[in-house]
Amino acid sequence: MTARPARSPVPPAVDVVADSLRAELEAARLRRGSAAGPVRVLDVGGGSGAWAVPLAAQGCDVTVVDSSANALAVLRSRARDAGVGERVRALQADVDALAEVTDGVHADLVLGHGLLEYVDDPSSAVRSLAGATAPGGLVSLLVANRYAAVLARVVSGRVGEARRMLADPAGRWGAADQLLRRMDTAEVTALVEQEPALTLERVQGHRVLADLVPEHAPDAGAPADLAALEELASTTPPLRDLASRVHVLARRGADRPTS
Ligand SMILES: C[S@@+](CC[C@H](N)C(=O)[O-])C[C@H]1O[C@@H](n2cnc3c(N)ncnc32)[C@H](O)[C@@H]1O
């Protein structure tokens, strides 16, 4: 009797945002040249380092600016545990004070992931991120998607919350909602288009379909198919616009000298 082939493992997480950032790091290395040192990343609202630590592990010098001292304490210990403590700098400040705390140093890649949901003025926050970006550098915005949040509430039986969220202009379910807003693709895109220093480069959905694949489905071990499907869906409306988070990349124009 021939042995049955072993089942393929559950596909690894597919992450179009991480893939885009990896591609940008390569581009930034070429742009800067090897003599210029590591790629400089500024992660605003970087929290405990979900993005910052992996980027430091890829060789970047990362500065995290966050208003929460607790989050930064977790970040420091996480960076130490990952062996990248030397490459991660933690600064406690509000996004509005970015120019002061970064001492006029401009980064090749500036992240605002999970930030615009909490700030008082998203337009002003995007302006601060753009101002902290080196000429030719990239701003990456990742924002909770109001439509995905509505669907998630319905699937978990919280239909009243879903209705309030959909009806509310800020995409909140009520006064106790921790987020000040959830956005859609058009809103995040418009924020970038209002900022003269930035040129919109890419709009995609983060985690459109990958989370829906059951772990033990018959062909769940088809990572290549799943990766290709997720990549395609991430830029194909209307699927793109239902992703858990809206991801927008925007390029800073080369209009001032590098610091
Ligand atoms: C949802 S967490 C996102 C963490 C991380 N960027 C990620 O994507 O996993 C939001 C973070 O933004 C920080 N934050 C909220 N408002 C801020 C502000 N006005 N300026 C700087 N950081 C802020 C919070 O302290 C928190 O750590």
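# Buried charges, paired strands and surface patches

Both aspartate 108 and arginine 40 are buried, and the two residues form a salt bridge in which the closest N and O atoms are 3.2 Å apart. This pair links distant parts of the chain, since aspartate 108 belongs to strand E4 and arginine 40 to strand E1, 68 residues apart. The model is a predicted one, and a search of the whole structure finds 13 salt bridges.

**Strand E4 and its partners**

- Strand E4, which covers residues 107-113, is mostly covered, with seven of its seven residues buried.
- Strand E1 (residues 40-44) runs parallel to E4 and is joined to it by three bridges, and within this pairing leucine 42 has valine 110 of E4 as its bridge partner.
- Strand E5 (residues 133-144) also pairs with E4 in the parallel sense, over six bridges, and here glycine 112 stands opposite leucine 141 in E5.

**Further salt bridges**

- Glutamate 161 and arginine 153 form a salt bridge whose closest N and O atoms are 2.8 Å apart; glutamate 161 counts as buried because its relative accessibility is 17%, under the 20% limit, and arginine 153 likewise counts as buried, at 13% relative accessibility.
- Arginine 251 and glutamate 201 meet through their side chains in a salt bridge of 2.7 Å, N to O. Arginine 251 lies in strand E7 (residues 245-252) and glutamate 201 in strand E6 (residues 198-206), so this pair ties together parts that are 50 residues apart in sequence.
- The two partners fall into separate accessibility classes, for arginine 251 counts as buried at 18% relative accessibility, whereas glutamate 201 is partly exposed, with a relative accessible area of 45%. Salt bridges that share partners join these residues with Glu24 and Arg31, so that Glu24, Arg31, Glu201 and Arg251 form one network.

**Surface patches**

- A patch of negative charge on the surface gathers Asp94, Asp96, Asp120 and Asp121. Aspartate 94 is found in the loop between strand E3 (88-92) and helix H4 (98-101), and it is partly exposed, its relative accessible area being 41%.
- Tyr147, Leu151, Leu166 and Leu242 make a nonpolar surface patch of about 360 Å². Leucine 166, found in helix H7 (residues 159-167), counts as exposed because its relative accessibility of 52% is over the 50% limit.

**A separation across the model**

- Aspartate 61 has its place in strand E2 (residues 61-66) and counts as partly exposed at 33% relative accessibility; its C-alpha atom is separated by 31 Å from that of alanine 228, which is 167 residues apart from aspartate 61 along the chain.

Conventions:
Residues numbered from 1 in each chain as written. Predicted model: local features only at pLDDT ≥ 70, side-chain atom pairs only at ≥ 80, totals over all residues. Heavy atoms only, no water. Patch = residues over 30% accessible without salt bridge, like charges linked within 9 Å, V, L, I, M, F, W, Y side chains within 5 Å. Areas by Shrake-Rupley, 256 points an atom, 1.4 Å probe, with all protein chains shown as cover. Salt bridge = Lys/Arg side-chain N within 4 Å of Asp/Glu carboxyl O. Lys, Arg positive; Asp, Glu negative; His and termini not counted. Charge placed at Lys NZ, Arg CZ, Asp CG, Glu CD. Helix = DSSP H or I, 4+ residues; strand = E, 2+ residues; numbered from the N terminus. Buried < 20%, exposed > 50% of the residue type's maximum accessible area, 1.4 Å probe, protein only. Pairing = 2+ DSSP bridges.
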